[in-house]
Amino acid sequence: MLILISGRGSNMRTLVEACRAEGWPAQIVGVIANKPEAAGLAWAREQGLETLALPHKDYASRETFDAALAQAIDTFQPDYIILAGFMRVLTPGFVQRYTGRLVNIHPSLLPAFPGLHTHAQALANGVQAHGCTVHFVTPVLDHGPIIAQSVVPVLADDTPDTLADRVLETEHRLFPQAVRWLAEGRVSQAADGRVTVAGVASRLYVWQAEVKHHG
């Protein structure tokens with residue numbers, strides 16, 4: 001497995017630590033970032049992982065960046081490419097090249113609130129539940145087949161920041177579980193794209209920690 005990041009890499013860190021602590025039948029072969037200043041690269045290097053900075057600003061178009069990224073990915077020969085806070089919209093050609101192998105985590109209950117500012121969108125729409133989704137990537141932004149989801153409550157006094165913190169906590173629980181299923185070869189897709197996981201009756205998780213009110 002290869003992990004792609006853009007920033008601090010908190011989800012990347014949870015994946016690396018869970019893979020080692022739980023003895024997944026998989027190896028994380030490296031970490032690539034599209035920003036050389038991404039803090040997650042330093043942490044990954046400290047863990048002995050191979051890292052690569054591939055600045056997207058060095059390329060004239062999305063297509064030329066994606067071509068360079070694909071070339072870099074292929075040197076690792078990963079079974080799966082895990083997008084852990086990789087803040088780039090990927091071109092259709094790139095996505096199709098890795099169909100069924102690109103996995104992303106998005107901070108909303110897809111198909112609600114694709115794109116950016118998901119927590120502000122959730123509050124503006126008055127939803128009572130929010131969360132995150134692990135899904136396969138398709139050419140349609142944030143609309144790929146769902147592997148697993150986790151739900152958190154939306155509180156009356158929430159701000160985008162407090163809601164983001166609650167969602168991030170549940171991301172750190174859900175993402176390692178879903179990626180472990182991939183590592184164990186338990187994830188499959190039907191002809192219509194819907195996902196099943198062998199031995200798992202429900203792929204929905206509900207945030208169990210103490211709910212704290214703010215202010």
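**L109, with a relative accessible area of 21%, is partly exposed.** Here, buried means under 20% relative accessible area, exposed means over 50%, and partly exposed covers what lies in between (1.4 Å probe, protein chains only). This is a predicted model, in which local features need pLDDT of at least 70 and side-chain atom pairs count only at pLDDT 80 or more, while totals for chains, interfaces and linings use all residues. Residues are numbered from 1 along each chain as its sequence is written, and side-chain values use heavy atoms, with hydrogens and water left out. You will find L109 in the loop between β5 and α5; helices (H or I, at least four residues) and strands (E, at least two) are DSSP runs, numbered from the N terminus. Setting aside residues up to four places away in sequence, L109 touches A129, H130, G131, C132, T133, Q149, S150 and V151, where contact means heavy atoms within 4.5 Å. For a sense of scale, the C-alpha atoms of L109 and H56 are separated by 28 Å, and these two residues are 53 places apart along the chain.

**Stay with the loop between β5 and α5 and look at P111 and H117.** Between L110 and P111, however, the peptide bond is cis, with an omega of about 10°. H117 is not a glycine, yet its phi is positive, at about 55°. Is H117 buried or exposed? With a relative accessible area of 64%, H117 is exposed.

**Helix α5 runs through residues 118–125 and has three residues to look for: T118, H119 and A122 are buried.** Down the axis of α5, these buried residues fall within an arc of 100°, so they line one face of the helix. The arc is that of the directions from the helix axis to the C-beta atoms. A general rule is handy here: an α-helix has 3.6 residues a turn, so residues three or four places apart point the same way. What covers the buried residues of α5? The cover includes β5 (102–106), β6 (129–136) and α6 (160–183). Just past the end of α5, G126 has a positive phi of about 70°.

**H135 sits in strand β6.** Its relative accessibility is 2%, so H135 counts as buried. Leaving out neighbours within four places in sequence, the residues in contact with H135 include L102, V103, N104 and H106. L110 also touches H135, and so does a run of residues made up of D142, H143, G144, P145, I146 and I147.

**Helix α1 (residues 10–22) crosses α6 at roughly 45°, and their axes come within 9 Å.** Two packed helices are described by the angle between their axes and the distance between the axes. Axes are lines fitted to C-alpha atoms, for helices over the stretch in contact, and angles run from 0 to 180 degrees between N-to-C directions. α1 and α6 are therefore oblique to each other: angles under 35 degrees count as roughly parallel, over 145 as roughly antiparallel, 65 to 115 as roughly perpendicular and the rest as oblique. The crossing of α1 past α6 is right-handed; a crossing is left-handed if the near helix is turned anticlockwise from the far one by less than a right angle, and right-handed if clockwise. On the α1 side you can pick out S10, N11, T14, L15, A18 and E22, which meet L168, E171, H172, F175, P176, V179 and R180 of α6. The residues of this contact divide into six nonpolar, four polar and three charged. Ala, Val, Leu, Ile, Met, Phe, Trp, Tyr, Cys and Pro count as nonpolar, Asp, Glu, Lys and Arg as charged, and the others, Gly among them, as polar.

**Helix α1 also meets helix α2 (residues 39–46), with axes that come within 10 Å and cross at roughly 15°.** That makes α1 roughly parallel to α2. α1 passes α2 in a right-handed crossing. M12, R13, V16 and E17 of α1 make the contact with G40, W43 and A44 of α2.

**In α2, the buried residues are G40, L41, W43 and A44.** They fall within an arc of 165° seen down the axis of α2, so they line one face of the helix. Packed against them are β1 (2–5), α1, β2 (30–33) and β3 (51–53). After α2 comes G48, with a positive phi near 85°.
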